[in-house]
Amino acid sequence: MYSAIVERPIDSSSIIERVSRGANGAVVLFLGTVREVNDGRDVTGIEYTAYRSMAARVLSTIVEEAAALADSNDVAVEHRLGELEVGECSVAVAVAHPHRSRAFEAARYVIEELKQRVPIWKREHYVDGTREWVRPTSRDANDFVDAGEGGGR
Amino acid sequence: MTVTVLLFASYADAVGRSQIEIDVESGATVKDIIEHVRKLGDATRLPAAPVVAVNEQYASRDRELRAGDEVALIPPVSGG
């Protein structure tokens, strides 16, 4: 298992290497990248910030949960902070397993939980020079606070 | 007793600071801290019931605080 918050470009091949073993017949890699248009506005880049110590802790917890779900320790994730340009990779998730089904399931778990629970924020920079903190559109973070960390799924 | 309040992203912008030391009476709760912080900044941009973490664990508004606790007000997260 591996999880890290980094301030350098993500090397996806190194993430794959962390989970690749002869026993595994499937490796699933998910990459999140900076999109050039969001809600109809032209984006030039995204700035990521975090409550870094807590983000590292929650990310590690999510990886442990995914490993239990997949019954495999071959789960890895890196999230990048700082200023990213369009097309750059902000997050990478790799899961390997003897069979593909569990690998897909666990990889999906990591990215979905990360987006709901890890205290990371992004501010989009637009072509017109303005910048705004992005408000999530899916689930309200308040949904899980009473359940505490690890709850609220 | 003193607790440390951490603010991030839009909440830090609303208050103009990312870290505040606050003196509170013993028995104070997360709710008391939120009310205190909302008076320091633009309260329209700081919700009455933000998500909060105490010492890096998500916590409820009723959570009683101890001296030295680190209370973080967590805006809606948007990682990934």
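Begin by selecting E56(B), which lies in the loop between β3 (51–54) and β4 (57–59) of chain B; helices (H or I, at least four residues) and strands (E, at least two) are DSSP runs, numbered from the N terminus. Residues are numbered from 1 along each chain as its sequence is written, and chains are lettered from A and ligands numbered from 1 in the order in which they are written. The model is predicted: local features need pLDDT of at least 70, side-chain atom pairs count only at pLDDT 80 or more, and totals for chains, interfaces and linings use all residues.

E56(B) is not a glycine, yet its phi is positive, at about 70°. Most residues other than glycine have a negative phi. E56(B) counts as partly exposed because it has 18 C-beta neighbours inside 10 Å; a residue is buried with 20 or more other C-beta atoms within 10 Å of its own, exposed with 12 or fewer, and partly exposed in between, C-beta atoms being placed from the backbone.

Next, select β3(B) together with β5 (residues 70–74) of chain B: the two run antiparallel and are joined by 4 bridges. Within this pair, V54(B) has V71(B) of β5(B) as its bridge partner.

Now move to chain A, which has 3 helices and 9 strands. Of its 153 residues, 35% count as buried. Select D39(A), in the loop between β3 (37–38) and β4 (41–50) of chain A. Phi of D39(A) is also positive, near 50°. D39(A) counts as exposed because it has 9 C-beta neighbours inside 10 Å.

Finally, display both chains. How many residues of chain A are in contact with chain B? There are 27, and they meet 18 residues of chain B, contact meaning that C-beta atoms, placed from the backbone, lie within 7 Å. On the chain A side, α2 (52–70), β7 (89–97), α3 (100–117) and β8 (120–126) each supply at least two residues.

Note on methods: Two residues are in contact if their C-beta atoms, placed from the backbone, lie within 7 Å. Two strands pair if DSSP finds at least two bridges between them.
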